[in-house]
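Let's take a walk through this structure together. Keep the sequence and the 3D view side by side as you read.

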Amino acid sequence: MNINENYLNLEQSYLFSTVAKKVNDFAKNNPGKKIIRLGIGDVTLPLCKAVIEAMHKAVDEMGVQETFRGYGPEQGYDFLRDAVKGYYKTHNVELEEDEIFISDGAKSDVGNILDLFSKDNTVLVPDPVYPVYVDTNIMAGRKVIFADANAENGFLPMPDDKVKADIIYICSPNNPTGAVYNKEQLKKWVDYALKINAIILFDAAYECFISDETLPKSIYEIENAKKCAIEFCSLSKTAGFTGTRCGYTIVPKELDKLNKFWLRRQTTKFNGVPYIVQRGAEAVFSKQGQNEIRENINYYKENAKLISQTLKECDIWHVGGEHSPYIWLKCPDNMTSWEFFDYLLENIQVVGTPGSGFGKNGEGFFRLTSFGSKENTKEAMERFRKLFK
Ligand code: PLP
């Protein structure tokens, strides 16, 4: 047998293990000092009441002969696809049910979708970005090229007519930078993809943080996007489903073969998301659910606002934080990402994530997140003020 040696081309990621080691060593040597973690990429608030009630009810149904459910439809129950369809309508996107595929989260589908594309495609990935896009393509042996995101373009790279790619990743609001494309900018990507016959894989995992109605939550708000884009979304950050696992992928019927092939792929390799979880997910889209998750999102957004305001006061350049849980800052005094990490840990015991871990253009930048508690975020920002103002 021959194994897939492409795995040998993956770069070992030491980012989070190095962060953990440095923090543990510091804590051991400085037992009295309170460390505040603003590097967490996971939510911290619990599931909302509507979700819990729906899941309890579904658990009870599973224990009764008449309402017990075994294998469900691989692409998701109608009740949830309907709810997703209704949600898209709220931002003026019309979808048909068989364009909606329920998943166990965006990470799996972002990787799995690559089953539909041949190995000789060239892939264009923004740098810096969520590392899954690069790694999943390296595993398959595809050529990966990068679109540079930097302070000059506000961490929103635009298409370059000189560059030819077949698969284009866009993540907006972006992880790690928090930067969000507006409609005009996204339209340029859609026009470019149509012109060069490429597919856009649009990751909308953080769309719920967008509070400006003029900014697109879905790529399908852009004319003709259904002819060239697949969209991934997730309830992880929207409704605290990081541990519960549920998301959805939209493959428009305009992408004729891709819609059919994705259905075939899912019915062959996937057996669906648990009924209990799908009932919980359905409740996210109910009126009560929407009100309750909004409270949680606003809690994180308040933290983000505080971080952003503090950085402004301290004259530290940054993007994100307004329509995103992430704040991406330029390390002061030309420090490298890791130098700044050490500097913060040593001086004010605040932990963030070095930007260099997200791509070469991340060097010299640093990611803070708003997923911590309000109290800790406040205290961390007071420490920032003392150190930098
Ligand atoms: N896409 C982006 C940009 C992310 O940052 C993450 C998680 O951090 C995911 C997808 C994964 O989401 P899920 O929990 O739905 O797998």
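Start at Ser370, where a polar side-chain atom sits 3.2 Å from the backbone oxygen of Tyr300. That is a polar contact, a pair of N or O atoms within 3.5 Å; within protein, one must be able to donate a hydrogen and the other to accept it, and residues adjacent in sequence count only if both atoms are side-chain atoms. This is a predicted model, in which local features need pLDDT of at least 70 and side-chain atom pairs pLDDT 80 or more, while totals for chains, interfaces and linings use all residues. Residues are numbered from 1 along each chain as its sequence is written, and side-chain values use heavy atoms, leaving out hydrogens and water.

Ser370 belongs to the loop between β13 (365-369) and α12 (374-388). Helices (H or I, at least four residues) and strands (E, at least two) are DSSP runs, numbered from the N terminus. With a relative accessible area of 0%, Ser370 is buried; buried means under 20%, exposed over 50% and partly exposed in between (1.4 Å probe, protein chains only).

Now find helix α2. Its buried residues are Ala50, Val51, Ala54, Met55, Ala58 and Glu61. They cover an arc of only 125° around the axis, so they lie on the same side of α2; the arc is that of the directions from the helix axis to the C-beta atoms. On the other side of α2, Lys49, His56 and Asp60 are exposed.

Finally, look at the ligand. Polar side-chain atoms of Tyr206 and Ser234 each lie 2.6 Å from a ligand oxygen atom.
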